[in-house]
Amino acid sequence: MYNLLCPRLIIGSLQDINIEMLIESGIRGLIFDLDNTIIPWDSPNMGPKETEVIHNLISKGLKICLVSNNRNKRVNEIAGLFGIPFISRAYKPAKNGFKRAALIMELSPEEVAVVGDQLYTDILGGNRLGMYTIWVKPLSSREFIGTKITRQLEKLTVRILKAKGLLK
């Protein structure tokens, strides 16, 4: 169980994504979580640094898809900024949203990286399908109340993973 919660890579921000390393590893597409990964929770505006990262990934020929548990309108607005596909109300960590995103991008799970700020939704969901998972520090401390509760479980999980030597 704990291995499913271990990201392949931990980064501080989207700017830390090493595009060349991903491409050399066979990654051809990325699934991004929305809230607190590419845009602050409940914010209508995306930061210029995050916008630049997404544009740069697209310019390098990587396919991008948003997968979010958020409502359709909000996810569609952000996806529309880049002309990329999206899955809303994905019920992460359920496999279906991740599978659908890979199908939309016409990629196998092994060719897809998942980038998200939560172990119990983004990382667990991506790992369940064998995708390359990247855990990023949340953009904001403002969060949905359910996420705040999950963060406490996440802190305990990180301590356990570190104690078992599964996480550095």
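In which sense do β2 and strand β5 (residues 112–116) pair, and over how many bridges? The two strands pair in the parallel sense, over 4 bridges. The legends below cover this pairing and other close-up views. This is a predicted model, in which local features need pLDDT of at least 70 and side-chain atom pairs count only at pLDDT 80 or more, while totals for chains, interfaces and linings use all residues. Residues are numbered from 1 along each chain as its sequence is written, and side-chain values use heavy atoms, with hydrogens and water left out.

View 1. Strand β2 spans residues 29–32; helices (H or I, at least four residues) and strands (E, at least two) are DSSP runs, numbered from the N terminus. Two strands pair if DSSP finds at least two bridges between them.

View 2. Buried means under 20% relative accessible area, exposed over 50%, and partly exposed in between (1.4 Å probe, protein chains only).

View 3. Side chains of opposite charge can pair when their charged atoms come close. A salt bridge is a side-chain nitrogen of Lys or Arg within 4 Å of a carboxyl oxygen of Asp or Glu, and the whole structure has 6 of them. In the one between Arg28 and Glu111, the closest N and O atoms are 2.7 Å apart. Arg28 lies in the loop between α1 (19–24) and β2, and Glu111 in the loop between α4 (95–105) and β5, so the pair ties together parts that are 83 residues apart in sequence. Arg28 is partly exposed, at a relative accessible area of 41%.

**View 4. A salt-bridge network at Lys92.** Asp33, Lys92 and Asp122 are linked in a network of salt bridges. The closest N and O atoms are 2.7 Å apart for Asp33 and Lys92, and 2.6 Å apart for Asp122 and Lys92. Asp122 belongs to helix α5 and Lys92 to the loop between β4 and α4, so this pair ties together parts 30 residues apart in sequence. Lys92 is buried at 8% relative accessibility, Asp33 at 6% and Asp122 at 1%.

**View 5. Helix α5.** Because 9 of the 10 residues of helix α5 (residues 119–128) are buried, the helix is largely enclosed by the rest of the structure. Among the buried residues are Leu119, Asp122 and Asn127. After α5 comes Gly130, with a positive phi near 80°.

**View 6. Glu154 in helix α6.** Glu154 lies in helix α6 (residues 145–163) and is buried, with a relative accessible area of 6%. The side chain of Glu154 reaches the backbone nitrogen of Leu119 at 2.8 Å.

Methods: A polar contact is a pair of N or O atoms within 3.5 Å; within protein, one must be able to donate a hydrogen and the other to accept it, and residues adjacent in sequence count only if both atoms are side-chain atoms.
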